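Student: I have a two-chain model open and would like to learn how to read it. Could you take me through it feature by feature?

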Amino acid sequence: MAVKAAAPASTAVGRRVGIGRKTLELILLYTLLVVIAMIILLPLAWMFVTSIKPKNELFTRDPQWWPNNPTLDNYQAILNNPTTPIFTWFINSFVIAAITTVLVLAIDALAAYAYARLEFAGRDKLFALLLATLFLPGLMFVVPNFLTINALGLLNSFPGAILPGLGGVFGVFFLRQFFQTIPKELEEAAFIDGANTFQTFSKIVLPLTKPALATLGIITFLASWNDFLWPLLILKDRAIQTLPVGLRSLQGAYTSEYGLMMAGAVIAAVPVLVIYILSQRFIVASAISSGVKG
Amino acid sequence: MARIVPQREGGATAISMPATRKKRVFTLTPYLFILPHLTLFALFFGYPFFSGLYVSLHQYNYLRPEANKFIGLDNYINLFTPGTNQFRNFWNSMGNTVQFVIYSVPVLIVIPLLLAVLLNSKVKFVNVFRAIYFAPWVLSVAVTSLIWWWIFQSQGGLINSYLRVVGIDPPRWLATLPSAWVAIVVATVWWTMGFNMIILLAALQDIAKDLYEAATVDGATKIQMFFRITIPMLQPVLVFIITISIIASFNLFGQPFFMTQGGPVQGSGDRGTEPVMYQIYREGFERNNQGSASAMSFVVAVIMVIISYVNFRVFRQRD
């Protein structure tokens, strides 16, 4: 479609030399785009290829982009090793990310609706206070939150890994913007029909905000799945660690077993890459909207 | 922004005041809506602000609470007294962090800007390329760092294999300086450049096309248009991107944690790629000195807030 749009630019005057030059420019552009894409994808390809290499093909003189004897031994080795319970880590990551996502959506949607639409004393001041913490560096909360989780007896537990993230402000800020764009008449009509505030919120407003909820849900899931420092501090027992933390154990448990480590990396990477391919639009849109917030 | 109030008697919210008096009505409902979030916010974003300050004024170890004691500003004084371990470790890691910011931020601006300009072309399949360029951003720091740790290995690592093929005697990337920084910067740029690129691309698409058309009529070259139109129009977004990139780079932790473990250790005992977040982690959770780690966190936080503030002042002035 876009190529056609560019065509009128080569007017009759420039046609004799112009078309040749345009085509050349286009070829150059595509070559550049493809080369950059390959450079960006190479590390992922190398991760995957390494994960299916037998150990004796890891250290070849020339890099080999396909093993002579492709094998799933690396995957079997880490899956069947009790010191690197990668399947358990996968489940832990999934459970923590899923619970976090559901709770963030529920808690943030309720709060965002109140800040967007309901009237109460101190509402705008309170919201400004929440927003201000978006500009505070996250690292100042790490030590005190660790001590809080310890005081609550939640070290080494899923709630300890999940709870602090639920107080975050980004989701409230993000959803509030969308709630504000919904025409008030819809809610007023619902009230006239006898719906209470919660019914209006859940039956009228939420269904209209599905794309925003989906976007927030996807980035919350990804962020939780990928989170590293917090679960590293909280989840000490191997059996309840998440994949990113487990990958560190995997790295520490073996030396020079790069095939095993890349198999672990593939297992951690594939779910997010699949989510990304399926919901690329939402993720890119959320990146833009989170960037525009400043 | 008026609260929506049932218009007829006996509404389900039990509020049946005349519309003119609706602002006088107190109702619990809004507070119930914000309660779950506000409770968690207060516990994990409000309270730690104060408990962090409290802890930073103590000799504090959560594993030996009986030995915790108030020591006033000693944790802060240590950070500013040459000769103490805290002083050496903290400022070494601070220096490393500043180095990393200086190495990474320019690259994290220039490369995404060039990619965004490329992707702003009106040709087929740009969306596919945009998706590919952005893809590494969705990976975890653990996966990213493991991949590049393997690629930069001296033995069997992809880069050194190719360098040997070309006949270059390769460095031991992760075990020497400054090459360890090169490895960490490359991994970081690969991982995060897509985010900056997407924001710059959105800003590029907002620049009015007639500016370029007018410049073309006046005989401007593409290079001239880039520096005289594109860059000035992008300036507010560029300042914003620079600010968030500086802050993100200040929070560096996972990449050296996986790739170098903070090393290589220098002759002086200083660790070559240990950034300040890593130092806080070690002070707080390896040496179990949470008081001192809290003090470090506050000093770093103050520095980061000042940097953001200065940047946004610049942003406002030029806007």
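Tutor: Gladly; let's begin with burial. A residue is called buried if 20 or more other C-beta atoms lie within 10 Å of its own, exposed if 12 or fewer do, and partly exposed in between, with C-beta atoms placed from the backbone. In chain B, 39% of the 319 residues are buried. Before we go on, note that this is a predicted model, in which local features need pLDDT of at least 70 and side-chain atom pairs count only at pLDDT 80 or more, while totals for chains, interfaces and linings use all residues. Residues are numbered from 1 along each chain as its sequence is written, and chains are lettered from A and ligands numbered from 1 in the order in which they are written.

Student: Which elements make up chain B, and in what order do they run?

Tutor: Helices (H or I, at least four residues) and strands (E, at least two) are DSSP runs, numbered from the N terminus. Chain B has twelve helices and two strands. Their order from the N terminus is α-β-β-α-α-α-α-α-α-α-α-α-α-α.

Student: Is chain B spread out or compact?

Tutor: Here we use the radius of gyration, taken over C-alpha atoms, and a globule rule of 2.2 Å times the number of residues to the power 0.38. For chain B the radius is 26 Å, well over the 20 Å that the rule gives for 319 residues, so chain B is more spread out than a compact globule. Its C-alpha trace spans about 90 × 75 × 35 Å along the principal axes.

Student: What domains does chain B have?

Tutor: Domain bounds come from an automatic or database domain assignment. For chain B that assignment gives domain 1 (26-72) and domain 2 (75-318), with C-alpha centres 32 Å apart.

Student: How many residues of each are in contact?

Tutor: Two residues are in contact if their C-beta atoms, placed from the backbone, lie within 7 Å. Eleven residues of domain 1 of chain B contact nine residues of domain 2 of chain B. On the domain 1 side, H1(B) gives the largest share, four residues. That side has six nonpolar, five polar and no charged residues. In these classes, Ala, Val, Leu, Ile, Met, Phe, Trp, Tyr, Cys and Pro count as nonpolar, Asp, Glu, Lys and Arg as charged, and the others, Gly among them, as polar.

Student: How many residues of chain A and chain B are in contact?

Tutor: The contact involves 85 residues of chain A and 83 residues of chain B. Helix H2 (residues 15-51) of chain A gives the most to the chain A side, with twelve residues. By class, the chain A side has 63 nonpolar, 15 polar and seven charged residues.

Student: How many residues are in the largest nonpolar core?

Tutor: A nonpolar core is a set of buried Ala, Val, Leu, Ile, Met, Phe, Trp, Tyr and Cys residues joined through C-beta atoms within 7 Å. The largest one has 148 residues, and those with the most contacts inside it are Tyr113(A), Ala265(A) and Leu146(B). Helix H7 (residues 179-205) of chain B supplies the largest share, 16 residues. Beyond its neighbours within four places in sequence, Leu146(B) contacts Leu247(A), Gln251(A), Met261(A), Ala265(A) and Phe258(B).

Student: Why is Phe90(B) called buried?

Tutor: Phe90(B) is buried because 23 other C-beta atoms lie within 10 Å. Phe90(B) sits in helix H3 (residues 85-119) of chain B. Not counting residues up to four places away in sequence, Phe90(B) touches Leu79(B), Gln279(B) and Met296(B).
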